[in-house]
Amino acid sequence: MMASERSVLIPSPTTPSNQDLNTAPVLLDLAKSKSGRSESFSKMEIDGKRLSLGPSNIVLRGCQLKNTEWAFGVAVYAGRDTKAMLNNSGAPSKRSRLEIHMNFEIIILSIFLIALCLVVSICALVWLLRHREELDYIPYYRKADFSEGKEDDYNYYGPGMETFFTFLMSVIVFQIMIPISLYISMELIRVGQAYFMIRDTQMYDEASNSRFQCRALNINEDLGQVKYVFSDKTGTLTENKMEFQCASIWGVDYSAGNSQIDQVEYCVKVEGKVLRPTMKVKTDPVLLQLSRSGSGTKEGKHVHDFLLALAACNTIVPLVVDTSDPTVKMIDYQGESPDEQALVYAAAAYGFMLTERTSGHIVIDIQGERQRFNVLGLHEFDSDRKRMSVILGCPDKIVRVFVKGADTSMFSVVDKSLNMKVIRATEAHLHAYSSVGLRTLVVGMRELSASEFDLWHSSFEAASTALIGRSALLRKVASSVENNLCILGASGIEDKLQQGVPEAIESLRTAGIKVWVLTGDKQETAISIGYSSKLLTSKMTQIIINSSSKESCRRSLEDAIVMCKKLVAVAGVANNIGGSSQAGSTPVALIIDGTSLVYILDSELEEQLFQLASNCSVVLCCRVAPLQKAGIVALVKNRTTDMTLAVGDGANDVSMIQMADVGVGISGQEGRQAVMASDFAMGQFKFLVPLILVHGHWNYQRMGYMILYNFYRNSVLVFVLFWYVLFTSFTLTTAINEWSSVLYSIIYTSLPTIVVGILDKDLSRRTLLQYPQLYGAGQRQECYNRRLFWLTMFDSLWQSAAIFFIPFFAYRQSTIDISSIGDLWILGVVTLVNIHLAMDVFRWTWITHAVIWGSIIATFVCVIIIDVIPSLVGYWAIFHVAKRGTFWLCLLAIIMAGLIPRLVVKFLHQYYKPSDIQIAREAEKFGSLSEFGATEIEMNPIPDPPQR
Amino acid sequence: MASKGATSSGGAKDGTSDSSSSSKKNSKKPKYSRFTQQELPACKPILTPGWVITTFIVVGIIFIPIGFASLFASEWVVEIVDRYDEDCVPRNYTYNQLAYIQSSETNKTCTKRLIVPKQMKSPVYIYYQLDNFYQNHRRYVKSRSDKQLRSRASEGDTSSCKPEAVGGNNYPIVPCGLIAWSLFNDTYGFSVKNKALEVSKKNIAWKSDQEHKFGSDVYPKNFQSGGLIGGAKLNASIPLSEQEDLIVWMRTAALPTFRKLYGKIETDLEANDEITVVIQNNYNIYSFGGKKRLVLSTTSWIGGKNDFLGVAYLTVGGLCLFFAISFIFLYVIMPRPLGDPSYLSWNRGQVN
């Protein structure tokens with residue numbers, strides 16, 4: 001049966017027939033599910049009988065029902081209430097931060113434009129009023145028209161209207177001020193940048209054969225300004241593959257044999273067929289030897305119990321799969337917890353193979369001997385007890401309870417009177433395991449006497465059929481039996497981190513990016529991954545917030561803030577040399593869980609959480625629902641102007657990816673939803689480093705410069721036009737040919753900006769990766785800000801003045817005609833604007849040379865072509881004007897006079913107030929990079945996770 | 001490490017071996033090329049003090065001689081400028097200049113004497129200079145028909161010429177438009193020591209205009225026949241391509257103060273020669289407060305007399321040298337080692 005969305009399966013002691021269901025009135029009382037987390041219980045009344053329904057009664061979408069012929073079900077939480085819908089925060093349309101800033105400057109430019117037009121039209125009005133009497137007969141105005149026989153006004157509608165027309169006309173002439181072409185150039189540049197990002201061999205994932213994908217084309221440059229990275233854990237930081245690594249049994253550590261790993265392929269013969277687990281596990285030879293020697297010796301007995309516990313204490317279902325070879329069958333272990341899978345595979349490798357599970361018993365093949373264990377009771381894992389237990393009736397008729405769980409919860413129920421030495425040793429091993437980032441579980445066992453068992457059995461029966469408070473009752477029953485345990489040992493499982501994750505996180509943090517990990521996993525897992533990925537270090541103070549009410553949330557937040565402040569003060573005193581800018585100076589890690597977040601998000605506590613979180617260098621959120629992930633991203637996004645980036649791989653990360661300014665999808669095993677929702681998709685987490693630190697930096701720098709340059713380029717032309725209008729009695733004659741005005745942003749100056757915007761690199765990839773701190777330029781908005789905008793505008797005002805007034809004075813009182821001086825002006829503008837760009841280019845490849853000098857040549861060619869068209873006014877003008885030395889002297893003077901202020905300011909600034917990027921460039925060029933790296937480089941290489 | 005990798009992939013070994021070999025064939029791995037990896041060989045210029053100072057010195061060294069050369073060239077040009085619009089109005093019309101110029105009865109002839117300050121080598125160019133005459137006014141600039149000027153066939157193409165498009169009888173005016181209508185019509189006659197100087201009016205217009213913009217088969221028609229006479233009349237038997245005064249006039253000036261070539265004197269003028277100029281003061285600039293000047297000038301490689309470029313070059317060159325010197329001083333006093341890591345922002349804090 002496939003449920004459409006979610007269906008409730010009704011457990012019924014007696015099999016109801018179809019008829020029963022048809023006739024019986026059914027009342028379903030469903031708890032409202034909040035953001036898809038169905039933890040509250042619902043009730044159902046059928047035929048007067050009340051049944052309580054919990055999460056275990058719910059079949060989620062996509063589940064397949066096995067091991068039963070039929071089932072009755074009711075579709076619940078359908079339509080708008082489905083998990084997918086509830087967790088869908090809607091896809092906001094994203095715009096690049098730079099573009100949003102740029103829009104403000106465009107408004108300023110519009111105000112400039114209007115101001116220019118107003119100046120022109122007011123001057124025109126004054127001129128008209130002052131010459132009102134003369135307009136009829138001035139030869140160059142000639143208002144009077146006699147062609148109709150009588151005197152008439154020709155094309156004149158009074159000073160008011162004339163002024164208005166002048167205004168409109170000036171808007172048309174000066175409209176280049178608003179760089180419409182900029183938007184087109186930006187799109188082209190982004191396409192080019194995307195091309196190079198996709199082609200980057202360093203962002204190609206061999207394993208999944210996938211290239212980097214640029215799914216959004218309008219936020220390339222946002223990658224250069226990221227301040228917060230929100231990362232999913234499973235599948236993003238880790239590979240989502242658990243591997244059994246080592247065990248500590250009865251105080252003896254069996255992890256030494258790791259160096260000489262042999263792949264044991266354990267198999268058993270059942271009914272003439274070979275059974276083999278699908279996954280191979282590394283084994284320790286000593287332990288293997290012991291496990292094979294049987295339970296004769298004392299050591300062998302402990303090992304036997306431990307491995308039996310691993311094989312039995314779980315909810316794994318073995319599935320037998322056929323292979324191409326009919327005599328060999330594979331056993332695939334399926335279960336909800338990957339940890340348990342890893343443990344069962346490990347047990348199988350040591351000869352304790354779980355081969356069969358039914359509701360009443362399990363069959364374990366121990367060293368080739370099939371043994372049947374009756375499962376008398378099972379206490380499922382819950383997050384309060386943090387352990388699970390199973391009660392087995394063993395073949396030797398002894399009832400044993402096997403418990404496994406987190407170390408903290410286990411040691412509290414251990415029988416301390418027994419064997420303190422073993423406990424101590426186990427604790428030491430646990431510490432060693434977790435410090436290398438392994439996920440640890442402790443296994444314990446106890447034999448139950450018949451009376452104990454009966455007592456437990458009756459209370460278990462009562463609890464599991466209780467209608468109200470069933471889970472609390474079950475918990476109570478469980479804890480009654482889970483005590484006085486004898487410690488068998490502990491296991492270490494590696495949740496394999498993806499390659500290069502610790503290095504990537506370290507790079508990101510050095511770059512001043514705050515990395516937050518948001519995971520649906522439980523707290524312990526999250527913390528252990530935090531350690532192994534170098535997100536958390538032992539030096540950090542951890543603040544853990546686990547609250548179950550708003551009040552306690554408020555209290556713990558307030559306490560945490562106070563503590564945080566104290567720590568900052570202490571740290572400030574301790575290392576006041578470090579400066580407060582360094583994120584590492586206050587090593588506080590905040591760990592908060594989803595239940596607390598329920599009370600915090602969307603309430604006034606958000607502000608406090610943000611305050612706290614912004615003081616912490618690491619934030620780990622565990623047990624969060626998908627929508628809460630988005631809520632956390634929104635929390636940061638709404639309170640700061642900093643750029644946020646979310647990276648995830650599963651459907652549960654979709655809302656977070658959509659909410660963040662930049663969403664990155666990892667194309668992993670968890671389907672395509674994250675990739676579909678993302679702006680950029682890639683194969684591995686570590687690609688984030690080249691993506692952000694290299695491409696992001698480049699893109700941002702290029703785009704920021706490109707926008708400023710476009711503003712400059714267009715306003716220079718507009719100012720030149722404006723100056724001329726002042727000398728034409730404010731009538732908007734343009735000396736520059738209309739064709740040239742049109743071609744200006746199409747041929748004359750467009751290509752260099754686009755090519756520079758795609759190809760220019762301020763620093764090499766190597767330098768950027770070596771010094772992640774250089775990324776700070778984007779976070780501090782160094783390439784595009786209001787100050788630079790105003791500087792650019794003043795520069796363009798000066799340059800336009802140089803372009804206009806040098807020919808103006810050189811040709812005043814001469815026979816120069818409009819077209820000739822217009823040609824000089826347009827050539828002056830184009831040459832100056834292109835040389836200005838040439839002055840700012842960081843890296844001259846042959847393409848840059850071709851494009852910049854080519855544009856200047858193309859402009860000369862175009863001007864010549866325009867001037868050989870006889871029907872245009874400026875026929876042959878360029879040849880007449882260029883014959884004279886004055887023309888070339890003017891051009892040279894324009895270039896020098898226009899660029900000197902910029903050159904001087906640029907030089908002084910670069911030499912006496914150098915930016916980090918400038919210094920790195922110098923170092924790159926003069927080769928001192930390696931030596932100055934010596935002090936900094938030590939933080940970069942991180943040893944690979946210790947080999948075991 | 002290697003075996004570790006093998007373990008993790010070992011689980012599905014059989015299943016993936018086919019697909020991995022097939023994926024080798026259609027691997028999406030981007031091909032390496034220096035272009036796609038953005039590693040094209042490149043030159044990375046940096047504004048080092050050496051470069052900047054050298055640049056400024058070189059620019060200074062180039063600009064200053066050019067400045068002096070232009071100044072000398074300008075100095076070498078001999079120019080006589082004489083404003084005659086006020087002097088050529090009789091005393092009794094001083095307060096009513098408009099009436100004087102508009103009346104057909106008044107005597108427009110006017111004689112002026114000019115002293116040649118220095119020897120003027122031929123050719124001596126004769127210009128008239130108009131002030132405050134906006135030949136670049138939008139209404140004026142547009143008021144012409146290039147098609148009509150070029151070929152006889154498009155004589156009727158006068159739509160852009162209003163209000164001087166058609167004559168009273170609705171025949172098109174050739175050449176039409178305000179520019180042609182307002183053709184300058186003062187004339188000058190020169191004599192030195194009672195000997196008339198010949199003024200050459202040939203080749204004063206651009207050859208290109210004569211050959212391609214003004215048709216040799218287009219003759220003036222209905223010109224200046226309307227109620228309002230704007231300026232000179234044209235000889236209807238001479239084609240437009242030969243009407244050089246018109247061609248010169250129709251190259252509209254860029255600025256409100258402009259000169260137009262009137263003619264050339266092909267003989268040298270000696271210093272202290274007294275030139276007698278007989279001016280026919282016909283052109284009405286009085287209605288809008290314009291000025292008229294007569295200019296005699298020789299020419300040099302930079303054109304007429306204009307000190308601006310020389311001064312500009314000297315200023316720019318001087319500034320460059322000044323910057324070069326001050327940068328040298330700065331460099332000596334406060335040098336900064338290039339690429340010094342201690343200047344990096346994250347190192348600066350630690351040093352302090």
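The dialogue below takes the chains in turn and then some single features.

Mentor: Start with one caution. This is a predicted model.

Trainee: How many helices and strands are there in chain A?

Mentor: Chain A has 32 helices and 32 strands. Next, look at burial. A residue counts as buried under 20% relative accessible area. In chain A, 57% of the 948 residues are buried.

Trainee: How many helices and strands does chain B have?

Mentor: Chain B has 11 helices and nine strands. Of its 352 residues, 48% are buried. Contacts between residues at least 6 apart in sequence tell a further story: in chain B, 80% of them join residues at least 24 apart.

Trainee: What is the radius of gyration of chain B?

Mentor: It is 36 Å, whereas a compact globule of 352 residues would have a value near 20 Å. Then check the spans along the principal axes. The C-alpha trace of chain B covers about 115 × 60 × 40 Å.

Trainee: Which residue does UniProt annotate as "active site"?

Mentor: The unreviewed UniProt entry gives A:Asp232 that label. Now place the residue in the fold. A:Asp232 belongs to strand S10 of chain A, residues 226-232.

Trainee: Is A:Asp232 buried or exposed?

Mentor: A:Asp232 is buried, because its relative accessible area is 4%. Then list its contacts beyond close sequence neighbours. Those of A:Asp232 include A:Leu237, A:Lys629, A:Asp649 and A:Asp653.

Trainee: Why is helix H23 of chain A called largely enclosed?

Mentor: Count its buried residues. Nine of the 10 residues of H23 are buried, so the rest of the structure largely encloses this helix. Among the buried ones are A:Pro752, A:Ile754 and A:Gly757. Next, ask what they pack against. The partners are helices H5, H21, H22, H27 and H28 of chain A.

Trainee: Which residues of chain A does UniProt list as "transmembrane region"?

Mentor: The unreviewed entry lists several stretches, among them 164-184 and 885-905. Compare such labels with the model. Residues 164-184 of chain A are 76% helix and 0% strand, with end C-alpha atoms 32 Å apart. Residues 885-905 are 100% helix, and their end C-alpha atoms are 31 Å apart.

Trainee: Where is A:Ile178?

Mentor: A:Ile178 lies in the loop between helices H4 and H5 of chain A. At 17% relative accessibility, A:Ile178 counts as buried. It touches A:Ile106, A:Leu109, A:Ser110 and A:Leu113, leaving out residues up to four places away in sequence.

Trainee: Which residues does a cis peptide bond join in chain B?

Mentor: Look at omega. One such bond joins B:Ser122 and B:Pro123, with omega about 0°. B:Pro123 is in the loop between strands S2 and S3 of chain B. Another joins B:Lys162 and B:Pro163, with omega about 5°. B:Pro163 falls in the loop between helices H6 and H7 of chain B.

Trainee: What is the phi of A:Ser729?

Mentor: It is positive, about 50°, although A:Ser729 is not a glycine. A:Ser729 is in the loop between H21 and H22 of chain A. It is buried, with a relative accessible area of 2%. A:Gln781 also has a positive phi, about 55°. At 24% relative accessibility, A:Gln781 counts as partly exposed.

Definitions and conventions: Residues are numbered from 1 along each chain as its sequence is written. Chains are lettered from A and ligands numbered from 1 in the order in which they are written. This is a predicted model: local features need pLDDT of at least 70, side-chain atom pairs count only at pLDDT 80 or more; totals for chains, interfaces and linings use all residues. Side-chain values use heavy atoms; hydrogens and water are left out. Helices (H or I, at least four residues) and strands (E, at least two) are DSSP runs, numbered from the N terminus. Buried means under 20% relative accessible area, exposed over 50%, partly exposed in between (1.4 Å probe, protein chains only). The radius of gyration is taken over C-alpha atoms; the globule rule is 2.2 Å times the number of residues to the power 0.38. Contact means heavy atoms within 4.5 Å. UniProt positions are given in the numbering used here, feature names are shortened, and annotations may be inferred rather than shown by experiment.
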